[in-house]
Amino acid sequence: MVAQQAAADASEFDIKDGGIVRNGKPFLKWTDACAKIGGDAVTGRASRGANIFTPDEGNSHGAQFAEVEVDTETGVIQVKRVVAVQACGRVLFRKGAESQIIGSVIQGVSFALFENRILDRTTGAMVNANLEMYKILGPKDMPHIEPVLYTKGQTGVRSLGEPPTIPTAGAIACAVFNAIGKPVRHLPLTPDRVLAALAGVEGGVA
């Protein structure tokens with residue numbers, strides 16, 4: 001479609017680093033290419049029944065706050081502290097509930113800073129060489145994690161194992177933005193992307 005609109009041969013174009021390149025040179029951002037497609041928007045609809053496990057209304061709401069230090073010479077991010085507030089219904093086993101939140105935040109920090117699943121763009125297969133080449137959070141990278149169980153007005157069952165994983169990366173990215181004054185909009189938040197953002201590259205990715 002891009003080649004047709006540019007009156008060129010499709011073999012001149014490729015997808016690289018989240019954008020369209022022509023003969024190896026940046027040609028068009030992916031979002032701009034999608035905007036040129038036109039036609040009717042694709043709309044999906046779905047519905048779900050009542051949650052039989054939760055006698056009262058409510059969801060697994062949560063909010064997280066991160067404190068980070070960023071080395072502007074190396075681009076290395078150190079997450080110092082994460083406060084994780086999570087709605088979880090009536091708490092029967094506080095130690096277990098807090099441990100669930102702490103474990104989820106550890107996964108979220110790992111996802112934010114290190115984890116990078118590399119996929120073959122044609123087959124969708126994972127092409128990371130092995131588990132040694134798949135970086136995860138280590139003991140020295142571990143922040144202080146403060147779980148806060150929000151139980152006000154809640155008596156039903158709530159999910160607690162996975163929901164606290166979701167906001168961690170966003171909280172860290174916002175903290176990095178606040179620290180360096182430039183947004184890094186792609187995960188993981190690697191040193192090269194931090195340095196690129198500091199150098200004025202939009203979103204930290206050329």
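Trainee: Which residue in S6 does valine 82 stand opposite?

Mentor: Valine 82 faces isoleucine 145. The model is predicted: local features need pLDDT of at least 70, side-chain atom pairs count only at pLDDT 80 or more, and totals for chains, interfaces and linings use all residues. Residues are numbered from 1 along each chain as its sequence is written, and side-chain values use heavy atoms, leaving out hydrogens and water.

Trainee: How do you know that S5 and S6 pair?

Mentor: Two strands pair if DSSP finds at least two bridges between them. Strand S5 (residues 77-87) and S6 are joined by 7 bridges, so they pair. They run parallel.

Trainee: What makes something a strand or a helix here?

Mentor: Both are DSSP runs, numbered from the N terminus: helices are H or I, at least four residues, and strands are E, at least two. By that rule the protein chain has 5 helices and 6 strands.

Trainee: Why do S4 and S6 stand at the edges?

Mentor: The open sheet has 3 strands, in the order S4-S5-S6, with mixed pairing. Strand S4 (62-70) and strand S6 (144-150) each have a single partner strand, so one side of each lacks a neighbour in the sheet.

Trainee: How do you know that H3 packs on the sheet?

Mentor: H3 touches S4, S5 and S6. Its direction makes about 130 degrees with that of S6. Such angles run from 0 to 180 degrees between N-to-C directions, using lines fitted to C-alpha atoms, for helices over the stretch in contact.

Trainee: Why is serine 104 called buried?

Mentor: Buried means under 20% relative accessible area (exposed is over 50%, partly exposed in between; 1.4 Å probe, protein chains only). Serine 104 has 2%, so it counts as buried. Serine 104 is in helix H3 (residues 94-113).

Trainee: What is serine 104 in contact with, leaving aside its neighbours within four places in sequence?

Mentor: Contact means heavy atoms within 4.5 Å. The partners of serine 104 are Leu160, Gly161, Glu162, Pro164 and Thr165.

Trainee: What makes a residue part of a pocket's lining?

Mentor: A lining residue has an atom within 4 Å of a pocket point. A pocket is an open set of points on a 1 Å grid over the protein atoms alone, where a 1.4 Å probe fits, with protein on both sides within 12 Å along at least five of seven lines. The largest pocket is lined by 46 residues. Asp17, Gly18, His186, Arg193 and Val205 lie nearest its centre. S3 gives the largest share of that lining, 4 residues.
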